[in-house]
Amino acid sequence: MPTSRRRYQVTETDDVARALDEAAKRWPNEPRSRLIVRTITAGGEALAQDAALEIRLAALKRLQGSEPDAYGPGYLEDLRTDWPA
């Protein structure tokens, strides 16, 4: 099919075959050529989620301990007295 977009050639190495076999479990009845696209897309989404998680964790680490007076002595114990046994 004519396109102005870049094309890539992928050799089905053992690693690629395993990835496509796993993709086939998630998306049965899809041809392997379509599984390549789905696997790349899912991998990109997973990488983006990992990056977002790393950003959130870094923010939490920066903020950790920044408000030492936010909760007074015995705060947790007082809070837990309201919990059902």
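Predicted model: local features only at pLDDT ≥ 70, side-chain atom pairs only at ≥ 80, totals over all residues.
**Salt bridges.** I looked up the salt bridges and found 5 in the structure. One of them joins the side chains of Arg32 and Glu12, at 3.1 Å from N to O. I noted that this pair links distant parts of the chain, with Arg32 in helix 2 and Glu12 in the segment before helix 1, 20 residues apart. Arg32 is partly exposed at 31% relative accessible area, and Glu12 is partly exposed at 46%. I also found Glu12, Asp21 and Arg32 linked in a network of salt bridges.

Next I checked Lys25 and Glu22, whose side chains meet at 2.9 Å, N to O, in a salt bridge. Both lie in helix 1, 3 residues apart, or about one turn of the helix. Lys25 counts as exposed because its relative accessible area of 62% is over 50%. Glu22 is partly exposed at 47%.

Glu30 and Arg38 form a salt bridge too, at 3.1 Å from N to O. I recorded Glu30 as partly exposed at 26% and Arg38 as partly exposed at 25%. The C-alpha atom of Arg38 is 9.9 Å from that of Ala24, 14 residues away along the chain. Ala24 sits in helix 1.

**Largest pocket.** I read off a volume of about 200 Å³. Its lining includes Tyr8, Val10, Ser33 and Ile36. By type, the lining has 5 nonpolar residues, 2 polar and no charged.

**Surface patch.** I found a nonpolar patch made of Tyr71, Tyr75, Leu76, Leu79 and Trp83, with about 540 Å² of accessible area together. Tyr71 lies in the loop between helix 2 and helix 3 and is exposed at 55%.

Methods. Residues numbered from 1 in each chain as written. Heavy atoms only, no water. Patch = residues over 30% accessible without salt bridge, like charges linked within 9 Å, V, L, I, M, F, W, Y side chains within 5 Å. Areas by Shrake-Rupley, 256 points an atom, 1.4 Å probe, with all protein chains shown as cover. Salt bridge = Lys/Arg side-chain N within 4 Å of Asp/Glu carboxyl O. Helix = DSSP H or I, 4+ residues; strand = E, 2+ residues; numbered from the N terminus. Buried < 20%, exposed > 50% of the residue type's maximum accessible area, 1.4 Å probe, protein only. 1 Å grid on protein atoms, 1.4 Å probe; cavity = no way out; pocket = protein on both sides within 12 Å on 5 of 7 lines; lining within 4 Å. Points joined across faces, edges and corners; volume = space filled by probe spheres on them. Nonpolar A, V, L, I, M, F, W, Y, C, P; charged D, E, K, R; others polar.
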